[in-house]
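Student: Could you walk me through this protein chain in plain words? I'd like to ask questions as we go.

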Amino acid sequence: MTLLRSLMAAVLLLPLLVSSAFAQGYLVRSGDVLRLEVLEDSSLNRELIVLPDGSVSVPFVGAVRARGQTVTQIQQTIASGLAPSFAERPTVFLEVSSLFEAPEFEEPDPITMGVYVIGEVPEPGKREIEPGTTVLQFLAEMGGFTDFAATKRIQLRTSRSGTEQVYSMNYHDVERGVVGGLTTVLVEGDVIVVPQRRLFE
């Protein structure tokens, strides 16, 4: 009987040899699936899913801590838990059947907001900008002005306070080191107006 038991144990052990090196060092995670085989009672053979709380449920044993444990440690815990239900300590085999693969998530698009520019600019219309962009930064990125732009009378129209407000700005102040309202941070829906120059302006 002892010889037969040893032979059966060897046969069951063969599929585990391939993954033994992996199993010894791998720490089980929630979502992994473990394959349990009990030589003395095949009715206990089953796949165990590691639950979100990190445990697996084994008949006659209950919840067994698995997450963060090696396969060998879990196997020993299960064997000890089953021992009182058998005349002799049962022969337990455990292997990782499949690993949990976290779903791949696409990186979200960068958060942007829409502002508008009209008037004497190369490409008027709606522009997507990053939060925190100032008027000066926006003007620097939009591609300059047309030859007819009144850059001393740029307007920022905004409704951030609930009612429309209009701020006048002089782009040439930058050359004198005075930025004034050009450092205003733009918000969603702001409109920048670059008017046309008047005669002799």
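**A walk along the chain**

Tutor: From the N terminus on, the elements run α-α-β-β-β-β-α-β-β-β-α-β-β-β. Helices (H or I, at least four residues) and strands (E, at least two) are DSSP runs, numbered from the N terminus. Keep in mind that this is a predicted model, where local features need pLDDT of at least 70, side-chain atom pairs count only at pLDDT 80 or more, and totals for chains, interfaces and linings use all residues. Residues are numbered from 1 along each chain as its sequence is written, and side-chain values use heavy atoms, with hydrogens and water left out.

Student: What is the mean pLDDT of the chain?

Tutor: pLDDT is the predictor's confidence in each residue, from 0 to 100. In this chain, 80% of the residues reach 70 or more, and the mean is 83.

Student: Which residues touch the most other members of the largest nonpolar core?

Tutor: A nonpolar core is a set of buried Ala, Val, Leu, Ile, Met, Phe, Trp, Tyr and Cys residues joined through side-chain atoms within 4.5 Å. Buried means under 20% relative accessible area, exposed over 50%, and partly exposed in between (1.4 Å probe, protein chains only). The largest core here has 21 residues, and the two that touch the most other members are L34 and I78.

Student: Which element gives the most to this core?

Tutor: The elements giving two or more residues are β1, β3, α3 (71-82) and β5 (92-98). With 5 residues, the biggest giver is α3.

Student: Which backbone oxygen does the side chain of S30 reach at 3.0 Å?

Tutor: S30 sits in the loop between α2 (20-25) and β1 (33-38). Its side chain reaches the backbone oxygen of P52 at 3.5 Å. At 3.0 Å, the side chain of S30 reaches the backbone oxygen of L51.

Student: Is F60 buried or exposed?

Tutor: F60 lies in the loop between β3 (55-58) and β4 (62-65). F60 has a positive phi of about 70 degrees although it is not a glycine. Its relative accessibility is 60%, so F60 counts as exposed.

Conventions
Polar contact = N/O pair within 3.5 Å; in protein donor to acceptor, adjacent residues only side chain to side chain.
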